[in-house]
Amino acid sequence: MSDAPTPPAPPPATPSPPPVAPPPQPAQPAQPLLLRLISPLIVPVLAVITALAIGAVIIWLTGKDPIAAFSGLWAGSFGSPRAIERTIIRSTPFIIAGLAVALGFKAGLFNIGAEGQLYAGSVMAVLVGFSFTGLSPLIHIPLAIAAGALGGALWGGIPGVLKARTGAHEVITTIMLNFIAIRMTDWLIKSRNPTLLGDPLDSSGSRSFFVEESARLPTLFGTNLHAGILMAIGLVFFVQWLLYRTTIGFELRTVGVNPSASRYAGMSVPRNIILAMALSGMLAGLAGTGEVLGVEGALKTEFFSGLGFDAIAVALLARSNPLAIIPAGLLWGGLLTGAQLMQVRAELPIDLIKIVQALIIMFVAADQIVRWMYRIPKDTGGGQSVFSSGWGGK
Amino acid sequence: MPSSNGAHRPIVLEARGITKRFPGVIANNNVSLRLHKGENLALLGENGAGKSTLMNILYGLYQQDEGEILVSGQPVRVDTPHEAIALGIGMVHQHFQLVPVMTVTENIMLGAEVLRGPFLDRRRAEQQIREISRQHGLDVEPHALVADLPVGAQQRVEIIKALYRNADILILDEPTAVLTPQEADDLFKVMRSLTDQGTSIIFITHKLREVLTYADRIVVLRAGKVVGETTPAEASEASLAAMMVGRDVILQVDKQPPHPREVVLKISDLRVYDDRQILAVDGVDLEVRAGETLGVAGVQGNGQTELVAAIAGLRPLATGSIEVLGQQIGGNPPRTITELGVAHVPEDRQRDGIVKVYPLTDNSVLETYYQPPFAQWIVRQEQAVTRYAEQLVRDFDVRTPSVHVNASALSGGNQQKLIIAREFTRPIKLLIAAQPTRGVDVGSIEFIHKQIVRKRDEGCAVLLVSAELDEILALSDRIAVMYHGKIIAVLEAGTATREQIGLLMAGGQHPPLSDSAAATIPAAPFEPLPAPIEQGVSTHE
């Protein structure tokens, strides 16, 4: 459209020298700051509300009491200090893994492989966690965390290299690498001849050795909270800084939105793809590491059971904005934590929360529905375009 | 060529007092327009003047806020394109609405399928298509896949699509924007044949030459209003340009004789493959000296794109070498080449030149974001970037409310001015400008041309690649003509004529030049200047 309705520019007074100040333009009044901050939140918040409302209707249709259900949900998630504590613990891996997926989206990549990267990182962290004995926690914890980060980065880096060198789509390769990572972890833990990671003392044969006490993340302020949440918050701010304040982030984002222009600008597209996938994998690996060192002290088969996929949901809900990952992750963890009390109080299956979560993501991904329902004008820009271009873009 | 202004013929389409508002803009302000039967009406105006808006209203894509539309004297409502088609109004958009993986016949039938029982009657549709095709000289192969057709042929498919739906009023939005000069000539022949047989045409353009040559009547739009109506007989390029822009425009580029110095760019025996692994650049030798502009003329698709991409490091060389100031750059990554002082104004600015979702600030340091003062170590320095962007916007008259708005908010001309500003403000020794004014309004063209001449006068070597012959003639000191991947002639701009170059662009031989003399520039020492270049002085026309 050559004739887009842009405001006609007034002719310059003199062709040369150019006017000192560009003439003021009436169009595009600057949005008030408050509105600018709130407007990206509108759709996700309404998506959550709508999904909960539909959930209430479903509860009512099954003959149960929606009010009892939601009061249980609230009490079990944010209703008491104890509940909040459990919600935060539950949310920590969602925040870190969601951040992993969001960073991928920002670089135009759809990392479905967080699940596999969680296992890859955890295996490394556990290995370092129980292999070294007699180390000071000051050395052992950072060492185990670094091992977890490295494991995730390597596992995430593989699809990066495959895409950069051969053009293989990361969606396909990361899914395949998920299977490999999950099954390989199974084998590492279950193998008895030779015994690899599996603890012979565990009767079910599905648990690894416990890590040394010196590798366990410390708890905070006498609560059950572990240092993983601090790591999560630190990583959120680190990623935000990396993406928006550094040249590295500038390259990642540029390759994500316009690979062609980034090549023209002298950036290396393959290098940035590999870097983005490795960083994303590293974050996922850290999410797994936090669970292993902070909560369980060991790795189990099927330990993460879909956490890496929920991470995609969290990233979508946060529209790939690193800072928004924190509330999105807390919401996700809160719904799952509260679901248990909801189950007791309203005699509802816990799966109802899965339905609500699915509805939230559906409304966020298909934001047109929410916009239509609440008559919200079209978005002026946002992370979601990155999501779609990462998928079928090329 | 225009035979009559058609005033005595019946009016087939009339717009009365059309007003259309968009948030913050009045795109059409009380616009009235009349189209007579068999008339070829040109709607002329700069980008953003409201031409497309008006046409989209007539075609039912937008609804006017005020005013009415009359077809054959009857007031009508046109709320959808469907209703427009029923009224006999057809439109060919600037960006074609074709399905590439379907055949010509399938595309034309789409939405107006001929059925035999539950099945498509392809044969009958094909007959009709051949009929229309023969009647108007619209040469297409019904079985061909649209994806395989050149742009000109795709446009013919679009026109047949409209005629197939019995359109007798045809709206063409910037029909020649994507065509080679030859294809444009063919199109105007088709348009003449259509008007001779009673079809009425409105065509949108901002090219003055084709308006003066082919239109029966000209309506000029500026800032949403009709500012003039004239005929080719009464108008001149200067008068039309002044009407469009609202002030006198200097169409001739005022430039001094060149002072060529040392060779900056030296290309020897260059061969480059295109995406389909076909040899697109086939043994090119070229030299560009500091302080001169070498224009590469040629119909699009003769290897210019690949030539530029190879110099900029965006495409590997098959053979040959590219040197900048004696340093081999062939095969180096773009960053190395940029850092050597090579600037590149890319031909596809939306794809390569800017990141539309980035603010002007980020776009103004797209290649230099990692250098001080824009970054310290890996930390970006926002204030330095903002100051720099503000300087570019000021120095190059980029019209924008702020440097923090996204580049997508700017018009094409202003986006291009930003790219020019970014590339020209760096310390550069070689400037590669590919289609620097494509899709840019007249006022911006004038400005960009001046900047290119200024850069040459500052001692920069300029390689200009353009499909616009006027641009080549106006700016170049020497002109290389590219045809089928080869440089088939290098002419002195002072002596070359439009006809001569046009003939060469079409692959015609140039009698006075032997092959070898044509393909290479005489190698001369830096001082004294080689004789032929000293002659290359005056601007053509």
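Me: How many salt bridges does the rule find across the interface of domain 1 of chain B and domain 2 of chain B?

Reply: The rule finds one. A salt bridge here is a side-chain nitrogen of Lys or Arg within 4 Å of a carboxyl oxygen of Asp or Glu. The partners are Asp470(B) and Arg209(B), whose side chains meet at 2.9 Å, N to O. Keep in mind that this is a predicted model: local features need pLDDT of at least 70, side-chain atom pairs count only at pLDDT 80 or more, and totals for chains, interfaces and linings use all residues. Residues are numbered from 1 along each chain as its sequence is written, chains are lettered from A and ligands numbered from 1 in the order in which they are written, and side-chain values use heavy atoms, with hydrogens and water left out.

Me: Which elements give two or more residues to the side of domain 1 of chain B that touches domain 2 of chain B?

Reply: Helices (H or I, at least four residues) and strands (E, at least two) are DSSP runs, numbered from the N terminus. For this side, the elements are α6 (181-196) and α8 (237-245) of chain B. By class, the side has three nonpolar, four polar and three charged residues. Ala, Val, Leu, Ile, Met, Phe, Trp, Tyr, Cys and Pro count as nonpolar, Asp, Glu, Lys and Arg as charged, and the others, Gly among them, as polar.

Me: How much area do domain 1 of chain B and domain 2 of chain B bury between them?

Reply: The size of an interface is often given as the accessible area lost when the parts come together. Buried area is that loss for two parts (1.4 Å probe), summed over both. Here the two domains bury about 870 Å², 53% of it on carbon and sulfur atoms. In domain 1 of chain B, Asn47(B), Gln182(B) and Arg209(B) lose the most area to domain 2, together 41% of what that side buries. Counting contacts (heavy atoms within 4.5 Å), 10 residues of domain 1 of chain B touch 14 of domain 2 of chain B.

Me: What should I look for in backbone angles?

Reply: Most residues other than glycine have a negative phi, and most peptide bonds are trans. In chain A, the bond from Asn193(A) to Pro194(A) is cis, with omega near 5°; Pro194(A) sits in the loop between α6 (170-190) and α7 (228-245) of chain A. The bond from Pro372(B) to Pro373(B) is also cis, with omega near 5°, and Pro373(B) is in the loop between α12 (360-364) and β19 (375-376) of chain B.

Me: Is Phe221(A), with its positive phi, buried or exposed?

Reply: Exposed means over 50% relative accessible area, buried under 20%, and partly exposed in between (1.4 Å probe, protein chains only). Phe221(A), with phi near 50°, is exposed at 73%. Asn166(B), with phi of about 60°, is exposed too, at 64%, and lies in the loop between α5 (151-164) and β9 (169-172) of chain B.

Me: What does Ala232(A) touch?

Reply: Ala232(A), in helix α7 of chain A, is buried at 0%. Leaving out residues up to four places away in sequence, Ala232(A) touches Thr92(A), Ile95(A) and Ile96(A).
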